Amino acid sequence: MDGHNARLMAESAGERLALIMRSYHRLTGHVLADDAHTLWRAPFTVLAHDTSAPPEFIYANSYALTLFKRSAKDMIGLPSHLSAQADAREQRAAMFAQLEAADIVTGYCGMRIAADGTRFRIRDAVIWNLRDDDRNLCGQAARIDRVEMPD
């Protein structure tokens with residue numbers, strides 16, 4: 001099943017998969033992953049959504065699928081705002097306003113919700129804009145290294 005999920009995610013993200021890695025490097029000076037396989041297997045969460053209205057997930061690595069308790073089929077096309085609790089969506093919208101001005105937000109924290117209703121807090125996440133070589137906005141991505149489960 002993992003290989004199937006990896007293939008579906010790579011197909012969904014397409015050329016934006018490389019853009020996720022390039023944009024992160026350009027904005028942080030750090031390498032997110034060396035290639036698509038390494039990104040898929042990374043020991044941290046990586047998610048990306050497109051610019052549709054509302055934005056929909058185009059990519060989630062293996063760690064993200066486990067955290068959000070979804071298959072690739074269930075995650076691809078899911079409106080990304082549904083990954084946040086309803087009462088946390090205003091905070092999420094404020095973060096996106098900050099992102100619009102700076103192309104990157106670091107230290108982001110917020111509550112999220114998995115498919116089965118499990119709630120968890122993300123800490124110190126990095127959120128960044130995905131821009132192509134012409135600086136056109138192609139979506140946003142997130143790297144989440146710390147997650148806290150409520151007691």
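Leu130 stands opposite Gly139 in strand S5. Strands S4 (residues 119-131) and S5 (137-144) pair in the antiparallel sense over six bridges; two strands pair if DSSP finds at least two bridges between them. This is a predicted model: local features need pLDDT of at least 70, side-chain atom pairs count only at pLDDT 80 or more, and totals for chains, interfaces and linings use all residues. Residues are numbered from 1 along each chain as its sequence is written, and side-chain values use heavy atoms, with hydrogens and water left out.

**Strands and hairpin**

- Helices (H or I, at least four residues) and strands (E, at least two) are DSSP runs, numbered from the N terminus.
- S4 and S5 form a hairpin with five residues between them.
- Arg135 sits in the turn of this hairpin and has a positive phi of about 70°.
- S5 also pairs with strand S1 (residues 45-49), in the antiparallel sense and over five bridges.
- Ala48 has Ala141 in S5 as its bridge partner.
- Seven of the eight residues of S5 are buried, so the strand is largely enclosed by the rest of the structure.
- Buried means under 20% relative accessible area, exposed over 50%, and partly exposed in between (1.4 Å probe, protein chains only).

**Nonpolar core**

- The largest nonpolar core has 43 residues.
- Such a core is a set of buried Ala, Val, Leu, Ile, Met, Phe, Trp, Tyr and Cys residues joined through side-chain atoms within 4.5 Å.
- Ile20, Leu32, Leu39, Tyr59 and Met75 have the most contacts inside this core.
- The largest share of the core, seven residues, comes from strand S4.
- Leu39 is in contact (heavy atoms within 4.5 Å) with Leu17, Ile20, Met21, Leu32, Ala33, Val46, Tyr59 and Asn61, leaving aside neighbours within four places in sequence.
- In soluble globular proteins, nonpolar side chains tend to be buried together.

**Helix H1**

- Helix H1 (residues 2-13) has twelve residues.
- H1 reaches 16 Å from its first C-alpha to its last, close to the 16 Å expected at 1.5 Å a residue.
- The expected span is 1.5 Å times one less than the number of residues.
- Asn5, Met9, Ser12 and Ala13 are buried in H1.
- Seen down the axis of H1, the buried residues fall within an arc of 90°, so they line one face of the helix.
- The arc is that of the directions from the helix axis to the C-beta atoms.
- Gly3 and Glu11 are exposed on the other side of H1.
- The buried residues of H1 pack against helix H2 (16-28), helix H3 (36-40), strand S2 (57-60), H4 and H5.
- Ser71, in the loop between helix H4 (62-68) and helix H5 (72-75), touches Asn5 and Leu65, not counting residues up to four places away in sequence.
- Ser71 is buried, with a relative accessible area of 18%.
- Gly14 follows H1 and has a positive phi, near 55°.

**Salt bridges**

- The structure holds eight salt bridges.
- A salt bridge is a side-chain nitrogen of Lys or Arg within 4 Å of a carboxyl oxygen of Asp or Glu.
- Glu11 and Arg7 form one of them, at 3.2 Å from N to O.
- Being four residues apart in H1, Glu11 and Arg7 are separated by about one helical turn.
- Glu11 is exposed, at 52% relative accessible area, whereas Arg7 is partly exposed at 41%.
- Arg131 and Asp103 meet in a salt bridge of 2.9 Å, N to O.
- This pair links distant parts of the chain, 28 residues apart: Arg131 is in S4, and Asp103 is in the loop between helix H6 (89-102) and strand S3 (104-113).
- Both Arg131 and Asp103 are buried.
- Arg135 also forms a salt bridge with Asp103, with the closest N and O atoms 3.0 Å apart.
- Arg135 is partly exposed at 44%, whereas Asp103 is buried at 8%.
- Arg123, Asp124, Arg146 and Glu148 are linked in a network of salt bridges.

**Backbone points to check**

- A cis peptide bond joins Ala53 and Pro54, with omega about -5°.
- Pro54 is in the loop between S1 and S2.
- Asp103 has a positive phi near 70° and is a residue other than glycine.
- Asp124, in strand S4, has a positive phi near 55° and is also a residue other than glycine.
- Asp124 counts as partly exposed, at 37% relative accessibility.
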